[in-house]
Amino acid sequence: TLTVEQGQAFKTIIEKHFQDNSPFLKSGYTISDLYKETGIPTYQLSAFINQEYAKNFNEFINEYRVVHLDNLTRQSSEYRQYTLEALGRMAGFRSRTAFIAAVKKKTNKTPSEFFGKLGEQ
């Protein structure tokens, strides 16, 4: 377990890094990559993500990817023209299956249901 101070420091570092650099968009992004970019040891990153977000690293990264795509498709109608496969690849998902599972987990909808409705708004 981490102290409250460590958790706050890690949260600030990780969220700033993700906001500034969007490393989660890289296909195959790993906890080791995050360690190299932030200097926070992998065992502490893992403990922090589990403790703070109640997720494992892959679930954590995939949620960032889904939120990123949601923001893109809401901000610009250009992205509504992309296929779901293209959106998934653009967000760093390696497979259609992983993309579908992540969207379902975050939204309780399939990608077609979730992103398809955006075009109608």
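Predicted model: local features only at pLDDT ≥ 70, side-chain atom pairs only at ≥ 80, totals over all residues.

Four of its residues, Gln44, Leu45, Phe48 and Ile49, are buried. They cover an arc of only 130° around the axis, which puts them on the same side of H3. The spacing fits a general rule. An α-helix has 3.6 residues a turn, so residues three or four places apart point the same way.

What do the buried residues of H3 pack against? Their partners are helix H1 (4-21), helix H2 (31-38) and helix H4 (57-75). H3 covers residues 42-53, which is 12 residues. At 1.5 Å a residue, the helix should span 16 Å. Its end C-alpha atoms are 16 Å apart, which agrees. After H3 comes Ala54, with a positive phi near 55°.

Two of those partners, H1 and H2, also meet each other. Their axes come within 11 Å and cross at roughly 100°. Angles of 65 to 115 degrees count as roughly perpendicular, so H1 and H2 are roughly perpendicular to each other. H1 brings Ile13, His17 and Phe18 to the contact, and H2 brings Leu34, Glu37 and Thr38. By class, this contact of H1 with H2 has 3 nonpolar, 2 polar and 1 charged residues.

Now turn to H4 and its contact with helix H6 (residues 96-107). These two pack at an angle of about 80°, their axes 9 Å apart. That makes H4 roughly perpendicular to H6. On the H4 side, the contact is made by Glu59, Asn62, Glu63, Val66, Val67 and Leu69. On the H6 side, Phe99, Ala102, Val103, Lys105, Lys106 and Thr107 take part. The contact of H4 with H6 has 6 nonpolar, 2 polar and 4 charged residues.

Finish in the loop between H1 and H2, where Phe24 lies. Is Phe24 buried or exposed? Its relative accessibility is 4%. Buried means under 20%, so Phe24 counts as buried. What surrounds Phe24? Leaving aside neighbours within four places in sequence, Phe24 is in contact with Phe18, Tyr29, Ile61, Tyr64, Arg65, His68 and Ala91. One of these, Phe18, also belongs to the contact of H1 with H2. Another, Arg65, is 41 residues from Phe24 along the chain. Even so, the C-alpha atoms of Phe24 and Arg65 are separated by 6.6 Å.

How values were computed: Residues numbered from 1 in each chain as written. Heavy atoms only, no water. Expected span 1.5 Å × (residues − 1). Buried < 20%, exposed > 50% of the residue type's maximum accessible area, 1.4 Å probe, protein only. Arc of directions from axis to C-beta. Contact = heavy atoms within 4.5 Å. Axes fitted to C-alpha atoms, helices over the stretch in contact; angles between N-to-C directions. Parallel < 35°, antiparallel > 145°, perpendicular 65-115°, else oblique. Nonpolar A, V, L, I, M, F, W, Y, C, P; charged D, E, K, R; others polar.
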